[in-house]
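Have the structure open while you read.

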Amino acid sequence: MKTYNIIVLAKQVPDTRNVGKDAMKADGTINRGALPAIFNPEDLNALEQALRIKDKFPGTTIRILTMGPGRAADIIREGFFRGTDGGILLTDRAFAGSDTLATSYALAQTLKKIDNVDMIIAGRQAIDGDTAQVGPQVAEKLGMLQITYVEEVVELNNDTVTVKRRLENGVEKVRCPLPLVMTVNGSAPDCRARNAKRIMRFKHAKTVTELQKESADYTNMHNSRPELTIPEWTVNDIETDASQLGLSGSPTKVKTIENVVLSAKDSKVLSASDAEIESMMIELIESHTIG
Amino acid sequence: MIMNNVFVYCEIEDGKVADVSQELLTKGRTLANELNCKLEAIAIGYNLKEIDKQIIPYGVDTLYIADDKRLSPYQTLPHTSIVVKLFKEEKPQIALMGASSVGRDLGPRVSSALHSGLTADCTSLVIGEHFDRKKDKKYENLLYQIRPAFGGNIIATIINPDCRPQMATVREGVMKKEILNTNYKGEIKNLDVKNYVNDADFVVEIIERHVEKSKLNIKGAPIIVAGGYGVGSKENFNLLHELAEVLGGEVGASRAAVDAGFAEHERQIGQTGITVRPKLYIACGISGQIQHRAGMEESAQVIAINTDKEAPINAIADYVITGDVADIIPKMIKYYQKNTK
């Protein structure tokens with residue numbers, strides 16, 4: 001039976017959906033420590049699509065490629081718990097400050113090192129930037145076709161894939177040749193839960209940097225079970241033009257960042273009492289705002 | 001001579017130019033006036049003979065048309081090939097696209113091919129200058145691409161000092177569209193499509209396509225009852241529907257409420273949803289992150305109902321009611337009916 005080689009692009013993001021009051025420091029900068037780091041939600045939708053392909057085509061391999069600091073190894077572990085075969089953590093200070101274009105360059109240069117990839121699947125966008133740019137930009141840099149807003153892989157037949165796309169005003173079903181880059185919408189099925197057996201099997205998966213902080217027992221375990229060692233790639237493992245990396249390689253620059261300060265309107269403050277609600281409704285009716 | 005003009009990509013569906021593209025043409029005209037350059041537009045599709053009438057009146061000086069049966073409906077690769085080649089020839093200084101499923105598919109692909117910066121979902125675009133201390137270099141007439149970021153806690157101004165074009169996407173409804181002059185004189189340039197695309201660009205086969213305009217008309221509703229995560233449940237959202245029905249309005253939602261499954265995605269108001277300007281906006285259990293406010297702050301009047309006295313939404317509200325949505329909405333319905341009958 002046909003098998004596929006799938007790379008899922010995933011990102012560890014601060015959980016901007018649950019920003020508490022302590023998310024901003026007194027000086028107006030972001031208190032990253034107050035925001036939990038999570039698996040970007042739409043990347044989980046992407047992972048599920050990959051896992052469904054693996055369900056139908058046993059022998060298919062799924063690896064996660066993530067770029068980020070050392071703690072982003074959590075993303076690769078999370079993938080193991082849910083059914084992936086491995087992953088690569090792309091981590092280097094040279095990538096710091098990358099905008100979407102510099103990010104997609106680093107990812108594309110990494111993907112060029114991986115042979116015979118059939119599908120690259122990513123979430124439509126990450127919640128910390130909401131740009132939806134990295135998927136299409138990676139595709140362009142690899143000279144690959146992109147299919148965005150995927151909701152379902154309908155059929156996979158040798159080197160042809162049929163997918164359903166969810167657009168803002170409708171749906172589209174398209175058939176296209178592999179290899180390609182797909183970005184998956186949040187409206188696609190949620191990712192399956194972690195598998196208890198896989199948690200037991202992979203909870204000790206660690207990067208080399210993480211291993212150095214552990215006891216010798218860990219190293220012995222990884223020697224006997226090499227699949228537990230998460231590869232860490234740096235800028236030295238890929239071919240890059242330094243002028244396209246990181247902050248200096250990013251065409252977009254952040255000129256200013258303003259903390260959001262609200263200028264308060266002159267508002268009427270009401271209680272929930274019947275009398276106050278009624279007088280408000282009468283005011284709105286009399287001003288022809290309603291009615 | 002290359003003029004380094006302002007360019008707008010015009011999205012076309014069923015022979016109609018998208019609202020968001022016309023809104024960007026109006027914005028593009030303003031920017032071109034300020035920069036003392038031309039406003040140019042590109043229309044790609046099929047049967048575009050009359051399309052200029054929907055584009056040039058917005059003040060477009062040059063309209064490039066690529067008309068070919070294979071170019072409709074939109075597909076990534078052929079539209080990218082045309083835009084990239086045209087931009088290489090014309091070297092625009094600014095390129096604007098709708099932050100729609102088309103613009104957000106095309107924009108990043110084009111920006112990658114041209115190695116130019118792209119900022120998504122801008123809420124404001126203005127011209128300004130920049131001084132780079134490291135390079136000791138002053139830049140004039142840059143496009144400030146302004147957008148909320150990081151969960152709406154900050155507003156970032158993004159610039160592309162060195163790469164051209166400076167690209168930005170903007171959501172529908174954020175800019176206002178306005179016909180400049182119904183008799184505006186613009187030049188039409190028909191592109192020889194075969195010089196702009198390759199046969200290899202047409203590898204995608206569109207098997208089925210259902211385009212349905214949203215049945216909801218939230219954008220045009222005079223009254224919007226919007227709910228946030230604080231509404232608490234899908235059941236409580238029914239109260240919002242009741243109030244909206246009684247007042248003759250529509251129900252909107254914050255992103256948090258949509259993410260929680262309380263409301264459909266089509267109802268999302270804010271930077272990554274719809275932008276609305278109703279007569280009355282009733283915000284129920286919405287804290288009021290900047291990304292939400294970006295989509296509703298031009299409402300004529302705002303009522304904020306919240307258990308949190310410190311909710312940011314209160315600062316832009318005309319009426320602040322501190323209390324529980326489930327308690328207050330039935331009272332609003334009751335006293336509306338009592339006083340209108």
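1. Start in chain A, in the loop between β9 (170-177) and β10 (180-184), where P179(A) sits. Keep in mind that this is a predicted model. The peptide bond leading from L178(A) into P179(A) is cis, and its omega is near -5°.

2. Chain B has a cis bond to look up as well: the one from S72(B) to P73(B), with omega near -5°. To find P73(B), go to the loop that runs between β5 (62-67) and α2 (76-90) of chain B.

3. Why flag any of this? Most peptide bonds are trans, and most residues other than glycine have a negative phi. The next two points are about phi.

4. Back in chain A, look at N158(A): not a glycine, yet its phi is positive, at about 50°. N158(A) belongs to the loop between β7 (145-157) and β8 (160-167) of chain A. Is N158(A) buried or exposed? N158(A) is exposed, because 8 other C-beta atoms lie within 10 Å, and a residue with 12 or fewer counts as exposed.

5. Finally, H115(B) has a phi near 50°, again a positive value in a residue other than glycine. You'll find H115(B) in chain B, in the loop between α3 (103-114) and β7 (118-119). H115(B) has 13 C-beta neighbours inside 10 Å, so it counts as partly exposed; that class lies between the exposed limit of 12 or fewer and the buried limit of 20 or more.

Key
Residues are numbered from 1 along each chain as its sequence is written. Chains are lettered from A and ligands numbered from 1 in the order in which they are written. This is a predicted model: local features need pLDDT of at least 70, side-chain atom pairs count only at pLDDT 80 or more; totals for chains, interfaces and linings use all residues. Helices (H or I, at least four residues) and strands (E, at least two) are DSSP runs, numbered from the N terminus.
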